[in-house]
Amino acid sequence: GVIFLGEPRAQVRHDRIARTMTWPILVLAGLNLMLGIFPTPIAQIISSLHRGLVLKGSTQLVPMHAVIIALLLLITFFVVLFFSRPWRVQEVPRWSCGRVPDASMQFTSTSFTKAVRTTLAVIYRPHRHLTRVGAYAQDFPEKLIYEGGTSPIWERYIYRPGYRCAWWLSKHTTRIQAGSVRLYLIYLLGTVGIMLLLLR
């Protein structure tokens, strides 16, 4: 909703895409369409390159009625394109009850997710805070600052404790890996001795 119904919060430069970037895509799309309707020539080329590949059945891989339907759809597309005339479309400013819409009138992501947060309030724990700014802020505020959000339940009760536990373990296990080759040899001998005792 914010992307498609909102206004830009800052003016961003828009450059028209060059035709050298659009025409290759259109040409490839046209080739894909033609190969989908008339695959016989390409299939014959592939079968001639690979001796073990033999095309069974009719040489026409697409039935005639499918070709007719494709041609009818193509004619319908050009007829609709001619009557709609998209090249004559003009851009005009939007109207909103006598005002030109701007960024201050648009919905935010918080408004779109309010129904979900209200339904799952036990899990998300939504919070709101309104701050009034100005000399007579209580009755005639010059500015209202609204802050809202949700409590990070996953981060607070699962991620942070797990992170602290992993950090504590890694901090204390570094004493075992002290960089001494003799200590590592003792570890290896001890491991081999334990394995021999268990296998015995």
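View 1. The side chain of Ser-84 reaches back to the backbone oxygen of Val-80, at 2.8 Å. A polar atom of that Ser-84 side chain also lies 3.3 Å from the backbone oxygen of Leu-81. Polar contacts here are pairs of N or O atoms within 3.5 Å; within protein, one must be able to donate a hydrogen and the other to accept it, and residues adjacent in sequence count only if both atoms are side-chain atoms. Ser-84 belongs to helix α4 (residues 64-84); helices are DSSP runs of H or I with at least four residues, numbered from the N terminus. Ser-84 is partly exposed, with a relative accessible area of 45% (buried is under 20%, exposed over 50%, partly exposed in between, using a 1.4 Å probe and protein chains only). This is a predicted model, where local features need pLDDT of at least 70, side-chain atom pairs count only at pLDDT 80 or more, and totals for chains, interfaces and linings use all residues. Residues are numbered from 1 along each chain as its sequence is written, and side-chain values use heavy atoms, with hydrogens and water left out.

**View 2. Arg-85 over the face of Phe-82.** Arg-85 sits over the Phe-82 ring, 5.2 Å from its centre. To count, NZ of Lys or CZ of Arg must be within 6 Å of the ring centre and within 35 degrees of the ring normal.

**View 3. Two of the aromatic pairs.** How many aromatic pairs are there? The count comes to four, where rings of Phe, Tyr and Trp (its six-membered ring) pair if their centres lie within 6.5 Å; planes under 30 degrees apart are stacked, over 60 edge-to-face, and the rest tilted. Phe-77 and Phe-78 go edge-to-face, at 5.5 Å centre to centre with 70 degrees between the planes. Phe-78 is partly exposed, at 48% relative accessible area. Tyr-184 and Tyr-187 are a tilted pair, because their centres are 6.4 Å apart and their planes at 40 degrees. Both tyrosines lie in helix α9, three residues apart, about one turn of the helix. Tyr-184 is partly exposed at 30%, and so is Tyr-187 at 34%.

**View 4. The two sides of helix α3.** Thr-40, Ala-43 and Ser-47 are buried in helix α3 (residues 40-49). Down the axis of α3, the buried residues fall within an arc of 60 degrees, so they line one face of the helix; the arc is that of the directions from the helix axis to the C-beta atoms. Ser-48 and Leu-49, on the other side of α3, are exposed.
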